[in-house]
Amino acid sequence: MISVIVPIFNSEKYLSKCLESISSQKIRELEVICIDDGSTDGSASIVKDFQKKDSRFYLVKQKNQGRGSARNTGIKLAKGEYICFVDSDDKLEPNALELLLKKIREKGDAVVSSISVINFIYPEKSISDTEYYKIRFSGVKKTSPQLIFGFHYSPCGILFKRSIIEEFNISFPEETLYEDAYWHWCYFIHTKEVNFVKDSTYLYIRRSGSAMSQTFDKKPGLAIQHLTICDLIFKKLYLSNYFGNDIALKLLEQAFWFSFRNSPSSDKILVCSRTVQILRNYNLDPLNSNILTQLNNGNLKEINWFSEREEIIDEIVQFIRLKNLIIKKFPFIKKVTNSVYVILRRFYDYFK
């Protein structure tokens, strides 16, 4: 049996189409666990209507705690051998679960498919979206850190084994955004083989108001949370020696660039500071990464900052040099949390 977990929060505009795409799958051995994460609209009523027509649907209500928490609740309740995640404003492609189930029964600790994207708010990103969510592998591949880097981080369009999730106590981080990357690494690092399908089994619809749309609009405090997720991955996997310095650098550099490019100017100094903090907290050697070496030394003049204003570059350079000077004088600061960098930022803003 497949357990389909659907986290729901104020999704009444799209929920019926989402649930219909699940109900109409040819696979009959399903349980559809709908987690209402504190919705204030008519979402719960829509699920109840589906329950009347299809006994495989279940509704569970909880206080609003975020998508990661809702998915974790679904995992705890799941009884199926396999688990699939569907967001409440997206849809499954016809015969998606039939294809995924067939492939995972053949071989593999997970089946990963391509995802189709409809972008209502950023049509200029359609090409990059399509490329990112397209699976280029075919068939069964042995798992390695390099392979895990090679496909999308979404948990959707994938069939997971519940036995692996339970054996390694894998869950989504809560009270933060972009939890998908953490799940991606924590699950796939524990697999031996992954079965890849180039066909799309999932329809991802980018809409206004979502976390990603607000990130692309450079809302303060959002993109930088990629660094928070990177830190959580390191605590879970790097400290346990699941991968080494080179993979850690690649992950950190990836998180830095996404955070930097999608943050407003007011957050860019904190992005740089947080990156250096993670680099030093885990004693990473940045020599194989030019950008991380430059950040660590506070030498940013030679880097192309994507047409950022020169005064913003100067501000970042001065702030990081100030931070490095204080850390040199007071080495214990390297072990202190991000609050130190907030204090440094305020100190800098006061005297600049």
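In the predicted model, helix H11 (residues 245-261) packs against helix H13 (residues 290-297) at an angle of about 75°, the axes lying 9 Å apart. Helices are DSSP runs of H or I with at least four residues, numbered from the N terminus; axes are lines fitted to C-alpha atoms over the stretch in contact, and angles run from 0 to 180 degrees between N-to-C directions. H11 and H13 are therefore roughly perpendicular to each other, a term covering angles of 65 to 115 degrees. On the H11 side, Leu249, Leu252, Glu253, Phe256 and Trp257 are in contact with Ile291, Leu292 and Leu295 of H13 (heavy atoms within 4.5 Å). This contact comprises 7 nonpolar, no polar and 1 charged residues, where Ala, Val, Leu, Ile, Met, Phe, Trp, Tyr, Cys and Pro count as nonpolar, Asp, Glu, Lys and Arg as charged, and the others, Gly among them, as polar.

Helix H12 (residues 265-281) also packs with H13, at about 100° and with axes 9 Å apart; H12 and H13 are thus roughly perpendicular. Cys272, Thr275, Val276, Leu279 and Arg280 of H12 meet Leu292, Leu295 and Asn296 of H13. By class, the residues of this contact are 5 nonpolar, 2 polar and 1 charged.

With a disulfide defined as a pair of cysteine sulfur atoms within 2.5 Å, the count is 0. The sulfur of Cys84 has its closest cysteine sulfur in Cys156, at 7.4 Å, too far for a bond. Cys84 is buried, at 1% relative accessibility (under 20% relative accessible area, 1.4 Å probe, protein chains only). Cys156, in no disulfide, is likewise buried, at 2%.

Residues are numbered from 1 along each chain as its sequence is written, and side-chain values use heavy atoms, with hydrogens and water left out. Local features need pLDDT of at least 70 and side-chain atom pairs count only at pLDDT 80 or more, whereas totals for chains, interfaces and linings use all residues.

Definitions and conventions
Helices (H or I, at least four residues) and strands (E, at least two) are DSSP runs, numbered from the N terminus. Angles under 35 degrees count as roughly parallel, over 145 as roughly antiparallel, 65 to 115 as roughly perpendicular and the rest as oblique. Buried means under 20% relative accessible area, exposed over 50%, partly exposed in between (1.4 Å probe, protein chains only).
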